[in-house]
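Look through the structure below before reading on.

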Amino acid sequence: MGAKPNRSVPHPNASPERSPRLDRRQPDTGPDPKAVRLPQSRPLPQKLPARAPEPGQPMIPPPGSRPGRTVAFQTENLRGEPRTPTVVLVFCGLFFLGVVVLVMAPWWVRNYTITGKFVSTTLQVGASLYDGWHPGASGSSDENMEFSMQAMHRIVQEESMLANPGVGLVSTLEWRIDRRLHKEAWEWAIGNPSDALWLGMIKFRKTWSPVPQARELSNRWVRWWEALSYLLIVVLSALGLYRLRVDRKRWADGIWMALPCVYLAILHMVFVGSVRYRQPGVLVLCGLAGIGLASLWFNKDREGKDALGDARETEG
């Protein structure tokens, strides 16, 4: 008889026989702290979000949403932030330009009919420029602009001496005075760049100084009231612009609200400076000042609610 196989050593591919004693379940004592925990998969959301479109392509609405509410022209930049398409920007620019042309066209026709030249705004640009750039300029406007009358007498005298009776003069006397003063102002600024730069600093100080420096405002109460109100608007505007920094789009809108002040500052570093020339820019800054004031108020209200909640938790 052959030898019986040793049943104590199981075959490697054979499944072990379970003993009835081993099938008895032990009481559950909780998870083993030494066991390795595998990450659990998160459940899928019920509604899928809209898929990010390619640059220049319309957004694809998520399943189950209303297509009518999807903005067809809304795109995203590389950072995933919404942006306005170039076509919309160009259309807005052309629309604004068309409105300007429509409003100014009657004035341009009137000026061309009188002078025979295209005059964009007024024939006082040369006089205003000469008021800011001329020998002896102080940064403020000369009283009654007497230099304009002197220039008129000088031009009339030169024309009476040099004019040829058989040749007509160009345009009107007012247009010729404007061109002459415009030319002389630029010649003086190009010939005296350091003086023109120094005058620009003086005009900037006259325009944006908190305390008005005009001789007409001699009442100290008026001067200090103007200074306090101006400083309050500027400080609140800076705070409002600072609060908008968390939203890039709104911060850019705030910068646009501050750009009129930059434009007026540069403009009146060339022309004469005075506190009255800053008022249009300060008026636009009131919007930013309102944002700054509202941020202070809401923060105060939020802090009060937090303090009230802490007090109730303490009492409870």
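Predicted model: local features only at pLDDT ≥ 70, side-chain atom pairs only at ≥ 80, totals over all residues.

Residues are numbered from 1 along each chain as its sequence is written, and side-chain values use heavy atoms, with hydrogens and water left out.

Over the protein chain, pLDDT averages 75, and 65% of the residues score at least 70. Over residues 67–79 pLDDT stays under 50, and the model has 22 contacts (heavy atoms within 4.5 Å) beyond four places in sequence for them.

The secondary structure consists of nine helices and two strands, in the order α-β-β-α-α-α-α-α-α-α-α along the sequence. Among contacts between residues at least 6 apart in sequence, 57% join residues at least 24 apart. The chain has 316 residues, of which 20% count as buried; buried means under 20% relative accessible area, exposed over 50%, and partly exposed in between (1.4 Å probe, protein chains only).

Helix α3 (residues 125–132) is largely enclosed by the rest of the structure, because six of its eight residues are buried. Those residues are G126, A127, L129, Y130, D131 and G132.

Y130 also belongs to the largest nonpolar core, which has 15 residues. A nonpolar core is a set of buried Ala, Val, Leu, Ile, Met, Phe, Trp, Tyr and Cys residues joined through side-chain atoms within 4.5 Å. Along with Y130, the residues with the most contacts inside this core are W133, L181, A185, W188, A189 and A196. Helices α3, α4 (146–162), α5 (173–191) and α6 each supply at least two of its residues, and the largest share, five residues, comes from α5. A196 touches W133, W188 and A189, residues up to four places away in sequence not being counted. Apart from this core lies another, of 12 residues, including L236, L244, A265 and V282.

In the loop between α2 and α3 is L123. Is L123 buried or exposed? Its relative accessibility is 12%, so L123 counts as buried. Beyond its neighbours within four places in sequence, L123 is in contact with T115, E174, W175 and D178. The C-alpha atoms of L123 and I177 are separated by 8.6 Å, although the two residues are 54 residues apart along the chain.

Helix α2 (residues 86–115) holds Y112, which is exposed because its relative accessible area is 52%. With neighbours within four places in sequence left aside, Y112 is in contact with K117 and F118. Between the C-alpha atoms of Y112 and S171, 59 residues apart along the chain, the separation is 9.9 Å.

L97 is also found in helix α2. Together with V90, L94 and V101, L97 makes a nonpolar surface patch of about 360 Å². Such a patch joins nonpolar side chains (Val, Leu, Ile, Met, Phe, Trp, Tyr) within 5 Å, from residues with over 30% relative accessible area and no salt bridge. A salt bridge is a side-chain nitrogen of Lys or Arg within 4 Å of a carboxyl oxygen of Asp or Glu.

Methods. pLDDT = per-residue confidence, 0-100. Helix = DSSP H or I, 4+ residues; strand = E, 2+ residues; numbered from the N terminus. Patch = residues over 30% accessible without salt bridge, like charges linked within 9 Å, V, L, I, M, F, W, Y side chains within 5 Å. Areas by Shrake-Rupley, 256 points an atom, 1.4 Å probe, with all protein chains shown as cover.
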